[in-house]
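I opened my notebook today to look up a few things in a structure, one at a time. Here is what I wrote down.

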Amino acid sequence: MKHSKLDNFPQDFLWGSASAAYQVEGAHEADGKGSSVWDEFVKEPGTTFKNTNGNIAVDHYHRFREDVALMAEQGLKAYRFSIAWSRIIPDGNGEVNQAGLDFYSELIDELLKHNIEPVVTIYHWDLPQALQDEYNGFESRRIIADFTAYAKVLFDAYSDRVKYWVSLNEQNVFITHGYLLGLHPPAVKDRKRMLLANHHANLANASAIATFREGNYPGMIGPSFNFGPVYAYNSDPENNIAKLDTEELMAYFWLDVYAKGSYPRTVLKRLVEENRMENPSEADNALLASGKPDFIGLNYYQSSTVKKK
């Protein structure tokens, strides 16, 4: 509906910016940090633009105070940043690296000093390489416990100062690009393996959210999702069916799990019939239902138009 007068943004609206650890931090081997799948992936020629890497990036690890001062100068009210799992637990499931915890603690304090709300992304695609080597990362159910334990370390360390937590950033992107298109680590092109990894990511996400609730941590938690509206090419009924199918496969397959705690029935039925995915167990369904988020972040880049093949 078109309104003749638009409301002003509320005073507590969080205008801000965001980054991912691998994009900005650099210091890829500093102070006990372990290697991530992106640290290793970019060593292969042709995987990035002009074979660039994040070894130094913009050196946010060493220059974060300058960066936060620039954020304050711009008038930002929030900064969403991700925490590098391998900086906190270098091998993914072993000893906690205190130097890593201290870095993010100092970053949070610096943001608060400048009245900038810290919004923490728990996972932005940089899985510890050790877990990929040990059990193929998200292709194993072991990732559920390891991710939950890692998230709890962060909740215990920072929930006294962090109100907003993003559990998984754009699961639909890192799963499809990593396991279907082969453009991101682990560079797999296998739909069945993609769906298995995606199911484990759903369970890990739900488990971390349930742990947040069980621990009575203050604040809010939820995943973010790369959402792109889909339009039919024209009014042809078959093109409109293609539009509905695309929405089911590219959006609701993830969003229903987040919002309802279960997969959309039509998509799941089709994938099971094609032997690409198994029906989730009762235990898995119960876990998914226990991990409904407080919010779902929507990252919007583009829309698409589809028609029948």
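**Entry 1: a threonine.** I looked up Thr176 first, and it counts as buried because its relative accessibility is 13%; buried means under 20% relative accessible area, exposed over 50%, and partly exposed in between, with a 1.4 Å probe and protein chains only. I found Thr176 in helix 8 (residues 171–179). Helices here are DSSP runs of H or I with at least four residues, strands are runs of E with at least two, and both are numbered from the N terminus. Leaving out residues up to four places away in sequence, I saw that Thr176 touches Leu181, Met194 and Trp254, where contact means heavy atoms within 4.5 Å.

**Entry 2: a note on the model.** I reminded myself that this is a predicted model, in which local features need pLDDT of at least 70 and side-chain atom pairs count only at pLDDT 80 or more, while totals for chains, interfaces and linings use all residues. Residues are numbered from 1 along each chain as its sequence is written, and side-chain values use heavy atoms, with hydrogens and water left out.

**Entry 3: aromatic rings.** I noted the rule: rings of Phe, Tyr and Trp (its six-membered ring) pair if their centres lie within 6.5 Å, with planes under 30 degrees apart stacked, over 60 edge-to-face and the rest tilted. The count by this rule is 25 aromatic pairs. I picked Tyr61 and Phe103, whose ring centres are 4.5 Å apart with planes at 35°, so this pair is tilted. Tyr61 sits in helix 3 (residues 60–74) and Phe103 in helix 5 (residues 98–113), so the pair ties together parts 42 residues apart in sequence. Are Tyr61 and Phe103 buried or exposed? Both are buried.

I then looked at Phe155 and Tyr217, a tilted pair at 5.3 Å centre to centre and 50° between the planes. Phe155 is in helix 7 (residues 142–158) and Tyr217 in the loop between helix 9 and strand 5 (220–226), so they tie together parts 62 residues apart in sequence. Phe155 and Tyr217 are both buried. I also listed one aromatic cluster: Tyr61, Phe64, Tyr79, Phe81, Phe103 and Tyr104.

**Entry 4: two helices.** Helix 9 (residues 191–214) packs against helix 12 (residues 282–290) at about 50°, with the axes 7 Å apart. Where helix 9 meets helix 12, I found His199, Asn202 and Leu203 among the residues of helix 9, and Asp284 and Leu287 among those of helix 12.

Definitions and conventions. Axes fitted to C-alpha atoms, helices over the stretch in contact; angles between N-to-C directions.
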